[in-house]
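Dear colleague,

Please find below the structure that I am handing over to you, together with its sequence. My notes on what was found in it follow directly after.

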Amino acid sequence: MPRFLLGFCLILLPAWGQPKRVLVQNLPAAEVRELQQTAPSGVTVAPVGPSGMRAELATADGLIGGLNAALLDSAPRLKWVQTLSAGVENMPLAVMRARGITLTNAKIVMGPNIADHAMALLLGLTRKLNLAQDDKKKQ
């Protein structure tokens with residue numbers, strides 16, 4: 001995930017008062033360190049793994065990653081979730097809306113990659129690469 005997007009989102013957090021604690025899941029350590037260094041004053045960025053997620057969410061104001069309805073029950077202070085994907089259909093949207101939790105996604109970031117992938121699939125289909133691959137396996 002590009003640092004400019006996450007950095008921009010971290011800048012918004014102090015508007016909800018200070019101090020703030022943001023959990024980060026599924027990001028490489030170098031990106032977590034960069035977020036920690038660029039976070040605004042009063043915002044703490046902490047990596048979290050699957051085993052400690054429920055306990056850590058109890059004190060989190062923001063989350064960079066994903067969660068389900070069961071985990072959301074463990075996050076009474078949560079105000080913001082940034083998904084690492086473009087889609088949000090697997091998020092507990094109704095509960096988040098009812099609790100006033102802001103959900104942001106990465107659709108702008110993923111757009112060029114999705115477009116490139118779609119074009120590659122179309123080229124593969126028009127050039128019948130699937131048949132060429134099958135022929136290669138038979139040899």
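S74 is placed in the loop between helix 4 and strand 4 (80-82), where helices (H or I, at least four residues) and strands (E, at least two) are DSSP runs numbered from the N terminus. At 14% relative accessibility S74 counts as buried; buried means under 20% relative accessible area, exposed over 50%, and partly exposed in between (1.4 Å probe, protein chains only). The side chain of S74 makes a polar contact of 2.7 Å with that of R54. A polar contact is a pair of N or O atoms within 3.5 Å; within protein, one must be able to donate a hydrogen and the other to accept it, and residues adjacent in sequence count only if both atoms are side-chain atoms. Setting aside neighbours within four places in sequence, S74 is in contact (heavy atoms within 4.5 Å) with R54, L57 and A58.

Please note that this is a predicted model, in which local features need pLDDT of at least 70 and side-chain atom pairs count only at pLDDT 80 or more, while totals for chains, interfaces and linings use all residues. Residues are numbered from 1 along each chain as its sequence is written, and side-chain values use heavy atoms, with hydrogens and water left out.

As to the overall architecture, the secondary structure comes to seven helices and five strands, which follow the pattern α-β-α-β-α-β-α-β-α-β-α-α along the sequence. The protein has 139 residues, of which 32% are buried. Among contacts between residues at least 6 apart in sequence, 44% join residues at least 24 apart. The protein exposes about 8,600 Å², and carbon and sulfur atoms supply 60% of that area; accessible areas come from the Shrake-Rupley method with a 1.4 Å probe, and for residues only the protein chains shown count as cover.

With neighbours within four places in sequence left aside, L63 is in contact with V22, L23, Q25, M53, L78, W80, V81 and Q82.

Q82, one of these partners of L63, belongs to strand 4 and is buried, with a relative accessible area of 0%. Its side chain makes a polar contact of 2.6 Å with the side chain of T104. The side chain of Q82 also reaches the backbone oxygen of N105 at 3.3 Å.

Side chains of opposite charge can pair when their charged atoms come close. Two salt bridges were found in a search of the whole structure, a salt bridge being a side-chain nitrogen of Lys or Arg within 4 Å of a carboxyl oxygen of Asp or Glu. One joins the side chains of E56 and R21 (2.4 Å, N to O). This pair links distant parts of the chain, with E56 in helix 3 and R21 in strand 1 (residues 20-24), 35 residues apart. E56 is partly exposed, at 28% relative accessibility.

A salt bridge also joins the side chains of D61 and R77 (2.9 Å, N to O). D61 lies in the loop between helix 3 and strand 3 (62-64) and R77 in the loop between helix 4 and strand 4, so the pair ties together parts that are 16 residues apart in sequence. D61 counts as buried, at 3% relative accessibility, whereas R77 counts as partly exposed, at 39%.

Two further loop residues may be of interest. N26, in the loop between strand 1 and helix 2 (29-38), is exposed, with a relative accessible area of 68%. G87, in the loop between strand 4 and helix 5 (93-99), is partly exposed at 24% relative accessibility. From G87 to K107 the C-alpha distance is 7.3 Å, at a sequence separation of 20 residues.

Yours sincerely
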